[in-house]
Amino acid sequence: MKTNIKYIFGVFFLLLFAVTSCTEENYSLGDLKAPTNVVINAEIVGKSAANPNGDGSGKVKITVTGDNILGSKIDFDANTDVDWVVLTNNSVTKTFDVATGTNNYRVTVLASGIGGTSTNVTKDITVRYDYTPDPAIVTNLTNNTSKTWIVDKSVFAHFGVDDWFRNDLNPAVWYYPAPIDAKITEAPCFYTAKFTFAKVAASGTFTLTVDTPDGAFTKTGALAGGLPGIPASGAEGCYPYAGGTSGFVLAASSSAIPANAPSTKVSINLSGINTFIGFGATQKSYEILAITPTYMFLRVRGTETDLVWYLKLKPAP
């Protein structure tokens with residue numbers, strides 16, 4: 001009899017386990033609500049009745065408010081290539097310094113909600129940016145008319161890569177300091193490309209013209225920084241590029257270099273996406289670490305996350 005009872009209880013628990021194991025569990029994410037009432041708030045620093053477009057610093061405090069926002073990212077100018085920046089706590093202080101004077105920027109915010117939902121909003125911001133560069137830098141860079149530069153393959157560390165946040169100008173600690181003639185076989189275009197910086201006397205503005213008879217030295221796809229005609233995939237190397245001309249401004253540098261580090265604290269900020277200096281896989285703001293009539297040392301953030309590139313140039317013969 002005990003044997004039968006044990007058998008019955010065994011069968012019962014087996015059936016109970018089978019039933020509970022087959023019970024379907026239902027999960028719910030709740031309502032997929034896209035963010036609503038999304039507003040871009042822009043506080044122009046120094047704005048007053050006398051200075052309706054700010055104090056000339058170009059600084060704007062931007063915050064994003066709304067309902068059901070889990071996070072947001074921003075593109076600071078719809079007139080240039082899309083470059084999303086993730087907002088911490090849905091806010092940021094941005095210096096609009098790509099052009100001097102009073103300029104209008106259309107900023108775009110993508111607010112993310114539950115389950116991949118999103119809401120897109122835009123806002124026009126008009127802000128003034130005043131900056132007068134050191135005349136010696138203008139003279140060294142442009143010869144006050146035009147001056148053509150090339151990458152100086154004859155010096156050690158004429159090309160280098162490191163961590164953007166390291167802030168160390170010593171090539172010995174960089175991830176990669178290029179030896180003399182480092183790219184002469186695999187990417188000869190790196191050394192034949194010419195970069196002509198010109199000052200337009202009538203307007204006081206500046207232009208950069210890029211001439212690459214052997215192609216542009218760059219990475220591909222999104223890492224090419226929007227350069228036209230570069231393939232969607234492929235290794236770093238020389239790629240056909242028709243050359244280009246764009247405006248640029250000389251602006252106060254906003255890089256991560258510490259205040260006491262050797263630097264002119266001035267940046268070359270290129271307009272648009274069709275020009276570059278030296279290496280195509282970089283962003284468009286090049287800090288001038290040093291410049292003389294015969295030497296230019298630049299630092300620029302890469303298109304790859306948290307990398308910085310260094311470039312040394314000399315006047316073209």
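Reader: Why is Asn 103 called partly exposed?

Author: In this predicted model, where local features need pLDDT of at least 70, side-chain atom pairs count only at pLDDT 80 or more, and totals for chains, interfaces and linings use all residues, Asn 103 has a relative accessible area of 22%. Buried means under 20%, exposed over 50%, and partly exposed in between, with a 1.4 Å probe and protein chains only; Asn 103 is therefore partly exposed. Residues are numbered from 1 along each chain as its sequence is written, and side-chain values use heavy atoms, with hydrogens and water left out.

Reader: Which residues is Asn 103 in contact with, leaving aside its neighbours within four places in sequence?

Author: Contact means heavy atoms within 4.5 Å, and Asn 103 meets this with Ile 125, Thr 126 and Val 127. The C-alpha atoms of Asn 103 and Val 127 are 5.8 Å apart, although 24 residues separate the two in sequence.

Reader: What makes strand E18 largely enclosed by the rest of the structure?

Author: Strand E18 covers residues 295-302, and six of its eight residues are buried, so the rest of the structure largely encloses it. Strands (E, at least two residues) are DSSP runs, numbered from the N terminus.

Reader: How do you know that E18 and strand E19 pair?

Author: Two strands pair if DSSP finds at least two bridges between them. E18 and E19 (residues 307-315) have six, in the antiparallel sense; in E19, Trp 309 is the bridge partner of Val 300.

Reader: How many bridges join strand E17 to E18?

Author: Seven bridges join E17 (residues 282-292) to E18, and the two run antiparallel. They form a hairpin with two residues between them.

Technical notes. Helix = DSSP H or I, 4+ residues; strand = E, 2+ residues; numbered from the N terminus.
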